[in-house]
Amino acid sequence: MAESKPKLLIIEDDEGLQAQLKWAYEDFDVVLAGTRDSALAALRSEEPAVVTLDLGLPPDPDGVTEGFAVLEAIMAMKPDTKVIVASGHGARESALRAVEEGAYDFYQKPVDIDTLGLIVQRAYRLHQIEAENRRLADKVGEDRTVLGSMITAAPEMAKVARTIERVAPTNVSVMLLGASGTGKELLARGVHDSSDRRDGPFMAINCAAIPENLLESELFGHEKGAFTGAVKTTEGKIELAAGGTLFLDEVGDIPLPLQVKLLRFLQERTIERIGGRKAIGVDTRIVCATHQDLETMIGEGTFREDLFYRLAEIVVRIPALAERPGDAVLLAKHFLARFAKEMNPQVRGLAPDALAAIDNWNWPGNVRELENRVKRAVIMADGKLVSAEDLDLAAGSGEEADIALNLKAAREQADRRMIRQALSRSEGNISNTAKLLGISRPTLYDLLKQYDLSA
């Protein structure tokens, strides 16, 4: 069976040029449209990968208003479509505006069929590559459930992921250490999803958010009549997570008397509800996290040493976002796409000053701060691109890195950081990365090899 031809939508009101273009693109299944309504109807029904668009359409054939209205509609309906805009009206201004609003390329009339044909072929190949990349990315996301929805390109986080992959199938207790906002609960869920307990419940509790007098009941449950207000027997989180995983966030905030009861559960795998008199066997895996220095707390007598070693059979240290070069931009793009879809569809991306500001900010609140800033920026943005001002960041802001005394080491560290950031901004495209860095492709390849980096 012959392979079907790729779809090409030609939006052009000149019937003579329509016929010429249709004849020229015999390798494509050409669909013709001469008005906004017919063009958008064809876009919905045919879903072409590539569109050529004449900006001078009726009822404004001598201007560009109608053409830009069509471009905006296409980008809103099918943002992956490659739109090639052709116009003889104010070529330079139209070109800049069209590309800014999402067009793939621009070609000035009178149309040279051969040249435009090369642009169409290139656009179609790019559309195929992007579609395949999305397919592979989705497949990788399905296969690597250890990271859940965590997005990263940093070697520091890849090391964390490898550790989790190794410990998840075991039944050891895992302690996640990291600053607030680094994604500890996401990684705890990754431990659960990559273990044999994945079909069991995943329960999470923030020990710092529950009053001390209620925390014991929340963890261990209570019997009817155990205290005023206990009108029925209630299972605690440890019991509810049986056969699965219980994530104890901010475990350093558990008071000492309750630490004794938690230690007994970890040793004997049994619990007693408040007001109960019988031991209940429970098979629950504990994953915990804290941003506090537990070893210092042990020295001060506010955290039990024996409980620490029970909880910390495996310790995973999570780097701060500032220690993950390139990840801030990747995550910002991810959050922007998600929030724009939900709250402000006209927003399409990050302006250059926003990218620079994201790279330079030190992110004291880590991923949570980044997510909140992007969410607010998407809501407040007036244009199609989020600016540094929308993010409430000044381009080039952030604390300066500590100055290293070893110049060679400092230079190498700076090179690695800049290359990772450029790769992140250009989404792994070698040519664009080289342009951002102001070097040639061969030089970039040499640096990638020298620093053992990968696009």
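Is Asp 54 buried or exposed, and what is its relative accessible area? Asp 54 is buried, with a relative accessible area of 5%; buried means under 20%, exposed over 50% and partly exposed in between, calculated with a 1.4 Å probe on protein chains only. The model is predicted, so local features are described only at pLDDT of at least 70 and side-chain atom pairs only at pLDDT 80 or more, while totals for chains, interfaces and linings use all residues. Residues are numbered from 1 along each chain as its sequence is written, and side-chain values use heavy atoms, with hydrogens and water left out.

Asp 54 belongs to strand β3, which covers residues 50–54. Helices (H or I, at least four residues) and strands (E, at least two) are DSSP runs, numbered from the N terminus. A polar atom of the Asp 54 side chain lies 3.1 Å from the backbone nitrogen of Gly 56. Not counting residues up to four places away in sequence, Asp 54 touches Ile 11, Glu 12, Asp 13, Gly 67, Ala 86 and Lys 109, where contact means heavy atoms within 4.5 Å. In the loop between β3 and α3 (65–77) is Pro 59. Pro 58 and Pro 59 are joined by a cis peptide bond, with omega of about 10 degrees.

Most residues other than glycine have a negative phi, and most peptide bonds are trans. Asn 366 has a positive phi, near 60 degrees. This residue lies in helix α15 (residues 366–380) and is buried, at 2% relative accessible area. Asp 392 also has a positive phi, of about 60 degrees, and is not a glycine. Asp 392 is found in the loop between β16 (385–386) and α16 (407–425), and is exposed, with a relative accessible area of 54%.

Two side-chain pairs involve residues of helices. Ser 217, in helix α8 (residues 212–220), is buried, with a relative accessible area of 14%. The Ser 217 side chain makes a polar contact of 2.8 Å with the side chain of His 222. A polar contact is a pair of N or O atoms within 3.5 Å; within protein, one must be able to donate a hydrogen and the other to accept it, and residues adjacent in sequence count only if both atoms are side-chain atoms. Leaving aside neighbours within four places in sequence, Ser 217 is in contact with His 222, Phe 227, Gly 236 and Ile 274. Thr 296 lies in helix α11 (residues 294–300) and counts as partly exposed, at 40% relative accessibility. The side chains of Thr 296 and Asp 293 make a polar contact of 2.8 Å.

Helix α13 (residues 327–343) has 17 residues and reaches 24 Å from its first C-alpha to its last, close to the 24 Å expected at 1.5 Å a residue; the expected span is 1.5 Å times one less than the number of residues. Among the buried residues of α13 are Leu 331, Phe 335 and Phe 339.

Helix α17 (residues 430–437) packs against helix α18 (residues 441–450) at an angle of about 95 degrees, with their axes 9 Å apart. Axes are lines fitted to C-alpha atoms, for helices over the stretch in contact, and angles run from 0 to 180 degrees between N-to-C directions. α17 is therefore roughly perpendicular to α18, a term for angles of 65 to 115 degrees. The contact involves residues including Ile 430 and Leu 437 of α17 and Arg 441 and Leu 448 of α18.

Definitions and conventions:
Angles under 35 degrees count as roughly parallel, over 145 as roughly antiparallel, 65 to 115 as roughly perpendicular and the rest as oblique.
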